[in-house]
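Please open the model in your viewer and keep the selection tool at hand.

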Amino acid sequence: MATAHAFFAQDQGTTFNLKYAWRLLKDEPKWMGESIGSSSKITKTFASGPSSENPDTPSSYEFNSSSPMERPMGQKAAKRKGKANEIPNAKQDERIKRTTEMERLGQCKEDEIEVKVIQIMMKDTSTMSDSQRDIHDKYCNKMKKNMECS
């Protein structure tokens, strides 16, 4: 135990102050060396020592180095990344759909207005008074100018 405490103090720069927890957990199956199993890659690596055959296998020196190993992307992060790639396409499709619908509605409104203008211009003026006929002619001329401009 004294040697283990000395190694810990040397590696971490502080004394081991969790002796009470170690005493409670040392006999638990998870922390017993033989119960981890021989199929574990880390157990195989430490049992056989650092191997020169596989350069991707971390050595004990790499575990103690100050640079942490890069972890693979987690499941939630991968889902977020996948959704982030899909969202711009979905938004773009929605924007195109909305624009097309607005153009169609705008064309329908223009057609409605054109029909109303034609109905007003073709209205029978024989039953109108002179002042009504003058107002009608004035607005018909105004509508003609607007239609010529657009």
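Does phenylalanine 16 count as buried, partly exposed or exposed? Phenylalanine 16 counts as partly exposed, at 25% relative accessibility; here buried means under 20% relative accessible area, exposed over 50%, and partly exposed in between (1.4 Å probe, protein chains only). The model is a predicted one, in which local features need pLDDT of at least 70 and side-chain atom pairs count only at pLDDT 80 or more, while totals for chains, interfaces and linings use all residues. Residues are numbered from 1 along each chain as its sequence is written, and side-chain values use heavy atoms, with hydrogens and water left out.

**Whole chain**

Display the protein chain as a cartoon. Its secondary structure comprises six helices and zero strands, and the pattern along the sequence reads α-α-α-α-α-α. Helices (H or I, at least four residues) and strands (E, at least two) are DSSP runs, numbered from the N terminus. Of the 150 residues in the protein chain, 7% are buried.

**Aromatic pair**

Select phenylalanine 8 together with phenylalanine 16. The structure holds one aromatic pair. The ring centres of phenylalanine 8 and phenylalanine 16 are 5.2 Å apart and the planes stand at 85°, so the pair is edge-to-face. Rings of Phe, Tyr and Trp (its six-membered ring) pair if their centres lie within 6.5 Å; planes under 30 degrees apart count as stacked, over 60 as edge-to-face and the rest as tilted. Phenylalanine 8 is partly exposed, with a relative accessible area of 29%.

**Nonpolar patch**

Next, select Leu24, Leu25 and Trp31, which make a nonpolar surface patch of about 360 Å². Patches are made of residues with over 30% relative accessible area and no salt bridge, like charges being joined within 9 Å and nonpolar side chains (Val, Leu, Ile, Met, Phe, Trp, Tyr) within 5 Å. Accessible areas come from the Shrake-Rupley method with a 1.4 Å probe; for residues, only the protein chains shown count as cover. Leucine 25 is found in helix 2 (residues 19-25) and is partly exposed, with a relative accessible area of 40%.

**Salt bridges**

How many salt bridges does a search of the whole structure find? The search finds three, a salt bridge being a side-chain nitrogen of Lys or Arg within 4 Å of a carboxyl oxygen of Asp or Glu.

- Select arginine 98 and glutamate 94, whose closest N and O atoms are 3.9 Å apart. The two residues are four residues apart in helix 5, and are therefore separated by about one helical turn. Glutamate 94 is partly exposed at 40% relative accessibility.
- Select arginine 104 and glutamate 101, where the closest N and O atoms are 2.7 Å apart. Both lie in helix 5, three residues apart, about one turn of the helix. Arginine 104 is partly exposed at 45%, and glutamate 101 is partly exposed at 35%.
- Select arginine 133 and aspartate 130, whose side chains meet at 3.0 Å, N to O. Both lie in helix 6 (residues 130-149), three residues apart. Arginine 133 is partly exposed at 28%, whereas aspartate 130 counts as exposed at 55%.

**Negative patch**

Finally, select Glu110, Asp111, Glu112 and Glu114, which form a negative surface patch. Lys and Arg count as positive and Asp and Glu as negative, with His and the chain ends not counted. The place of a charge is taken as NZ of Lys, CZ of Arg, CG of Asp or CD of Glu. Glutamate 112 lies in helix 5 (residues 75-121) and is partly exposed, with a relative accessible area of 42%.
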